[in-house]
Amino acid sequence: MSRTNLLDREVGPAMSALSAAAKRGLGDPALAELVVIRASQLNHCAFCLDMHLTIAREHGVSERQLDLLSAWEEAGDVYDERERAALALTEAVTVPTGGTSRAFGSGGFVPDAVYERAARHFDAPRLAHLLALIIAINSWNRVMVARRIPPGGYTP
Amino acid sequence: MTTHADPTTTDEQVDRAPEHTPRLDWSAHAPDVLKAMLRLDAAARKGLDPKLVELVKVRASQINRCALCVDMHSKDALAAGESVERIIQLSAWEESEHFYTEKELAALALTEAVTVLTDGFVPDAVYERAAAHFEEAELAQLIATITVINAWNRFGVACRLVPGHYTPGQHA
């Protein structure tokens, strides 16, 4: 059976407002796309990957950074320390139940080492908005995957 | 020992482990995000049975192990008229089916699938079971509600927010 494409007319704009607030407070559109794409990889959201790979290119994120993102931990200096801290936090917050990456030395939650690494690179307001961004894309991933929204619907 | 009245103590004073400190007061540093989250929460639950919303929120919070959220939504469930027995059995709901309606069971199965996306998509059987019990607009709201509690859970876990101090209605 096909799945619903309904999203309540107040829910959609509220989610957009959440994403917009998070991105504005982080203030780094290229980093935001790396974070959003990595979370969408972990959550297997085809619609979100398609959309944000397009947006990342618009923001000048390099093909090399996009190509290697699912193996960023093994990608040497393709990502700087700030980006790596943000990606480690992205994985830990996306999979609080533990699981798919070396970020989870403690088997879930958000390990102190991961949190503290992020806190060294982002002051409290930026860290709060980075968390919000990770959480916002996790929300989009859920509403898209649950309804099986196909990729390709996004046009810049 | 904590210095305030200990909300986790139900009988005589006992010597419990100290309370941890939250990592980050995220909503103070991102009031714009809090405002957006509250708006989203209200939009997502609109039209759903409040008791069902709380069952879903408790179960997702258990899976994500958000201590603050388990505390809050167990209390909110009780305040909404839920029974202690049905809250207790939630972590083993699949083997406690006679505690719940078929509609609630379908919602709980969907909650688990949408909460743990990293294990692989949302199975057709799970989606179809939910679609059999919820009409389309209500199903969209259920998906939104599962999504929103996952968002709150992630703030709670990432910031190590402290459970035990919630009173139902305090955020109303």
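1. The crossing of helices α6(B) and α7(B) is left-handed; a crossing has that hand if the near helix is turned anticlockwise from the far one by less than a right angle, and is right-handed if clockwise. Helix α6 covers residues 102-115 of chain B and helix α7 residues 124-133 of chain B, and their axes come within 9 Å and cross at roughly 145°. Axes here are lines fitted to C-alpha atoms, for helices over the stretch in contact, with angles running from 0 to 180 degrees between N-to-C directions. Helices (H or I, at least four residues) and strands (E, at least two) are DSSP runs, numbered from the N terminus.

2. From α6(B), the contact takes Glu102(B), Lys103(B), Ala106(B), Ala107(B), Ala109(B), Leu110(B) and Ala113(B). From α7(B), it takes Val126(B), Arg129(B), Ala130(B), Ala132(B) and His133(B). Two residues are in contact if their C-beta atoms, placed from the backbone, lie within 7 Å. The contact of α6(B) with α7(B) has 8 nonpolar, 1 polar and 3 charged residues, where Ala, Val, Leu, Ile, Met, Phe, Trp, Tyr, Cys and Pro count as nonpolar, Asp, Glu, Lys and Arg as charged, and the others, Gly among them, as polar.

3. The model is predicted: local features need pLDDT of at least 70 and side-chain atom pairs count only at pLDDT 80 or more, whereas totals for chains, interfaces and linings use all residues. Residues are numbered from 1 along each chain as its sequence is written, while chains are lettered from A and ligands numbered from 1 in the order in which they are written. The model scores ipTM 0.93 and pTM 0.93. Chain B averages a pLDDT (the predictor's confidence in each residue, from 0 to 100) of 93, and 92% of the residues score at least 70. Where pLDDT is low, the predicted coordinates should not be read in detail.

4. Chain B comprises 8 helices and 0 strands. Its radius of gyration is 17 Å, close to the 16 Å that the globule rule gives for 172 residues, so chain B is as compact as a globular protein of that length. The radius is taken over C-alpha atoms, and the rule is 2.2 Å times the number of residues to the power 0.38. The C-alpha trace of chain B spans about 50 × 40 × 30 Å along its principal axes.

5. In chain A, the axes of α2 (residues 29-42) and α3 (residues 46-58) come within 9 Å and cross at roughly 160°. Helices α2(A) and α3(A) are therefore roughly antiparallel to each other; angles under 35 degrees count as roughly parallel, over 145 as roughly antiparallel, 65 to 115 as roughly perpendicular and the rest as oblique. The crossing of α2(A) and α3(A) is left-handed. Their contact divides into 7 nonpolar, 3 polar and 1 charged residues.

6. Between the chains, the axes of α1 (residues 11-26) of chain A and α2 (residues 31-45) of chain B come within 8 Å and cross at roughly 165°. That makes α1(A) roughly antiparallel to α2(B). Their crossing is left-handed, and the contact of α1(A) with α2(B) has 13 nonpolar, 1 polar and 2 charged residues.

7. The contact between the chains takes 44 residues from chain A and 42 residues from chain B. On the side of chain A that touches chain B, the largest share, 15 residues, comes from α7(A). The residues of that side divide into 27 nonpolar, 12 polar and 5 charged.
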